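Okay everyone, thanks for coming.

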Amino acid sequence: MPELPEVEVTRRGFAQAIAGAQVLSMRMGKPLRWPLGCELHAVVGRYVVQVRRRGKYLLLDLDRGMLLVHLGMSGSLRFASHLPEAGKHDHWDLVTSCGTLRLHDPRRFGAVVYAAGEGDPVAVKLLGGLGMEPLGGAFAVDTFVQGVRSSRLPIKQLLLAGRVVVGVGNIYASEALFLAGIRPTTRSSALTIVRVKRLHQSICEVLERAVQMGGSSLKDFSSADGSSGHFQTAVQVYGRAQAPCYVCTTPIKMLRQGQRSSFYCPVCQR
DNA sequence: ATGTAAACCTGTGCGC
DNA sequence: TGCGCACAGGTTTACA
């Protein structure tokens with residue numbers, strides 16, 4: 001479910017409210033993607049300093065150590081002063097003096113991992129190989145152009161890999177490629193500099209717009225305050241196989257790339 | 001080194 | 001109504 005926009009919308013939904021709070025207790029449900037990696041007493045009693053985001057990870061900085069939270073495919077976070085009793089898919093509660101942060105994740109591809117700091121081996125393993133942040137001014141065009149043109153992967157799969165730029169998942173990869181007029185199957189190294197620059201711009205536009213609209217709520221995404229996003233109403237190609245292209249009315253095509261579905265317009269994208 | 005496929009787990013929707 | 005299958009927003013791991 002969650003790509004960068006959904007994670008960022010989630011972060012904004014509780015970052016201010018939880019900053020400065022003291023952790024009163026923590027509850028773990030069924031196992032997630034990775035083990036927590038610490039005892040409860042390493043977290044209980046600590047203070048939440050701030051909440052950052054790196055790619056699709058949320059980083060909860062504590063006054064000692066940090067928690068890395070990933071929403072996987074089906075995860076969502078809620079933060080409220082009073083939450084109902086934990087349901088069967090609620091697998092993590094962080095009870096603080098300002099409210100409870102709860103991870104709801106039916107498929108359990110998500111994770112909550114403790115790291116002593118940025119240099120902790122587990123943090124390096126999870127965050128170390130990540131590419132540039134597409135939002136916030138750190139997304140260098142020249143670095144992007146070089147990264148794209150040095151790979152022989154199909155451009156769609158390169159975007160998903162997160163080595164050059166992070167946060168672009170299956171929905172927004174298809175959307176950005178449509179905006180840029182590039183077929184998902186195009187070999188990255190075959191793209192001209194001009195076309196890669198256009199893709200850079202498209203990625204920025206799609207992600208910024210999605211954040212503004214509160215993310216996509218295709219299945220069950222909701223932000224930390226429980227509200228849902230609206231970007232799905234602005235989707236141009238994702239999930240629209242055989243439906244007419246909004247630009248040229250040609251039926252949208254779907255194909256499989258690396259076990260993932262890609263959507264594109266055979267006329268608008270070359 | 002790179003690229004491809006399977007794996008993790010649960011729910012939902014569809015054809016029969 | 002039930003059963004089996006395909007598919008779902010992500011990422012790591014093993015293997016060609």
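So, how many bridges join strand β1 to strand β6, and in which sense do the two run? Keep in mind that this is a predicted model. The count is 5 bridges between β1, residues 23-28, and β6, residues 90-96, and the two strands run antiparallel. If you want one pair to look at, find methionine 26, which has leucine 94 in β6 as its bridge partner.

Now the other neighbor. β6 also pairs with β7, residues 99-104, again antiparallel, over 6 bridges. There, tryptophan 92 has leucine 103 in β7 as its bridge partner. Getting from β6 to β7 takes a hairpin of 2 residues.

Okay, on to the helix α6. That's residues 193-212, so 20 residues, and from first C-alpha to last it reaches 29 Å, close to the 28 Å expected. Its buried residues are Val196, Leu199, His200, Ile203, Val206, Leu207 and Ala210. Those residues cover an arc of only 135° around the axis, which puts them on the same side of α6. And what covers them? The cover includes α1, α3 and α5. After the helix comes glycine 214, with a positive phi near 85°.

Last stop, the largest nonpolar core. It has 66 residues, and among those touching the most other members are Leu68, Val112 and Tyr172. The largest share, 8 residues, comes from α5.

Note on methods: Residues numbered from 1 in each chain as written. Chains lettered and ligands numbered in written order. Predicted model: local features only at pLDDT ≥ 70, side-chain atom pairs only at ≥ 80, totals over all residues. Helix = DSSP H or I, 4+ residues; strand = E, 2+ residues; numbered from the N terminus. Expected span 1.5 Å × (residues − 1). Buried ≥ 20, exposed ≤ 12 C-beta atoms within 10 Å, placed from the backbone. Arc of directions from axis to C-beta. Contact = placed C-beta atoms within 7 Å. Core = buried A, V, L, I, M, F, W, Y, C linked by C-beta atoms within 7 Å. Pairing = 2+ DSSP bridges.
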